[in-house]
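Welcome! Please take a look at the sequence and the 3D structure below, and then we will walk through a few spots together.

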Amino acid sequence: MKTSASLVWFRSDLRLSDNPALQAAIKRGGAVLPVFIYAPNEEDPWAPGGASRWWLHQSLKSLQASLLKINSRLIIRRGPTLEALQELSRDYKTEAIFWNRRYEPAIIKRDAKIKEAFSGSGILTESFNGALLNEPWTIHNQSGKPFQVFTAFWRHCLAKMQPAEPLPTPRKLARPNRWPNSLLLDSLELEPRIKWAEGIRSAWRPGELGARAQLDHFLKYSLSGYGETRNLPDRPGTSRLSPYLHFGEMTPRQIWAAMREKAEAEGTPQSVWQASTFLTEIGWREFSHHLLFHFPHMPEMPLRENFKRFPWRKAPEFLRAWQKGLTGYPIVDAGMRELWTTGWMHNRVRMIVASFLVKDLLVSWLEGARWFWDTLVDADLAQNTLGWQWTAGCAADAAPYFRVFNPVSQGEKFDPQGNYVRKWCPELARLPDKWVHRPWEAPPMLLEEAGLELDRTYPEPIVNHTIAREVALEAFSSLSAKQR
DNA sequence: TTTTGAGTTGTTCGA
DNA sequence: GTCGAACAACTCAAA
């Protein structure tokens, strides 16, 4: 005798709390079958990179454990997704399939096909908003078009938004009479064969519990100084919630609720300001999803037409030096090595290294986006795309072309004691503060005392920033209508 | 329809 | 050392 069941198709929502699809299945009654289907080629060309796969493995493991505690299990299958869902629903008298939406163009298309395939089958399919404060199609300006400028977008959202209370965490799920087969998590081979993930492992605690712990820690220790310390890469001044948000181990709605609670408890103008500065970052996440939804070609194409003829360099040796953290600019190299080691980079440093690749080296933002995609544990198509287009100046609402970060002054301003640089570039550790961001200018005696031999133990700068800046300004001005 | 004001995160130069 | 202005042109949003 088969029991009637609902499938809950887990995707980028690896949590039990505040999960609309899961709640819908519970509400419907009958058994709940939690399913994860691994089908990376359906996300092509943005299938999860190495760091993301590592995180995904840990998250699934954590979700398995959480489900076990509430009388349930995670069924793991491989794609093609449609076939996997059809097979499961055939074998287990499935009445409904529920999932939370994703917004990547390839996923939207695939999900639409899946919905289509089940229509008329007698199986209900329903998707929910489990990742955003507002669905992208509900936000538009007065002429009915999507916003392209952040400030206007976020002002509009703040005025209209009333995020609901987060949904509860289920205590117990109804099981089927008999569990479907499941693959072993290890058989998905998400973890790297070569052991390069140890640095990531020691930096992070993936999963829903890790997410909550991180949020609590941030609210308790870092939010009060957020406006200032978020820019200092040697301190834990940022929220570090990005990977949790990407994998749906935490929702913006939960963050919103936690912040509101805290603001109500404290209520000082200062705390409200710090909270709003942080919430603006959540606003950027919303904005990036809004843009990706309305301009689905964004991951590959510049939003501004005229950038299609930008003279990017093909410079594999520059790209490689940047990737390896061997550019000769300490703050850039420190950032790239932090990324490689921990799967994450401080936001301030992301801007610096991105500006360096795009403006000093004149290498296309797409190359940068691809590298970040493979190495970041928080790699998110919407956020990564907007971040790079913003830096390159080819988004509608972008950094002005003349804003070229100076890697030395940025380093001296935001890492004045060189703690960050010394941590990730230990060969520079013994240089005095004064020279730690510009070793090539240090007196030879000092270099020797610090055990540093330029071009042997640490590279000379691969480009001269002052000259590179001039070249970049020239290249960018070639885009203006007057000149061309 | 036309007009106006504004636009995340900077740097440099010269007074 | 500090401060304000210049750095383009363009597009978006809203009046």
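Is E189 buried or exposed? E189 is exposed, because 11 other C-beta atoms lie within 10 Å; a residue is called buried if 20 or more other C-beta atoms lie within 10 Å of its own, exposed if 12 or fewer, and partly exposed in between, with C-beta atoms placed from the backbone. This is a predicted model, in which local features need pLDDT of at least 70 and side-chain atom pairs count only at pLDDT 80 or more, while totals for chains, interfaces and linings use all residues. Residues are numbered from 1 along each chain as its sequence is written, and chains are lettered from A and ligands numbered from 1 in the order in which they are written.

**Positive phi angles**

- E189 is not a glycine, yet its phi is positive, at about 50°.
- You will find E189 in the loop between α5 and α6 (198-203); helices (H or I, at least four residues) and strands (E, at least two) are DSSP runs, numbered from the N terminus.
- D18 is not a glycine either, and has a positive phi of about 45°.
- D18 sits in the loop between β1 (5-10) and α1 (20-28).
- D18 counts as buried because 23 other C-beta atoms lie within 10 Å.

**Cis peptide bonds**

- From D44 to P45 the peptide bond is cis, and its omega is near 0°.
- P45 belongs to the loop between β2 (31-38) and α2 (50-69).
- Another cis peptide bond runs from G79 to P80, with omega near 5°.
- The loop that holds P80 lies between β3 (75-78) and α3 (81-91).

**Around DNA strand B**

- DNA strand B is surrounded by 16 residues, and the closest are F150, T151, W284, R403 and N406; a residue is near a molecule or strand if its C-beta atom, placed from the backbone, lies within 6 Å of it.
- At least two residues of this surface come from each of α5 (150-160), α11 (269-294) and α17.
- Sorted by class, the surface near DNA strand B has nine nonpolar, four polar and three charged residues.
- In this sorting, Ala, Val, Leu, Ile, Met, Phe, Trp, Tyr, Cys and Pro count as nonpolar, Asp, Glu, Lys and Arg as charged, and the others, Gly among them, as polar.

**A look at P400**

- P400 is in the loop between α16 (381-392) and α17 (407-414).
- P400 counts as exposed because it has 8 C-beta neighbours inside 10 Å.
- From C-alpha to C-alpha, P400 and K145 are 24 Å apart in space, and they are 255 residues apart in sequence.
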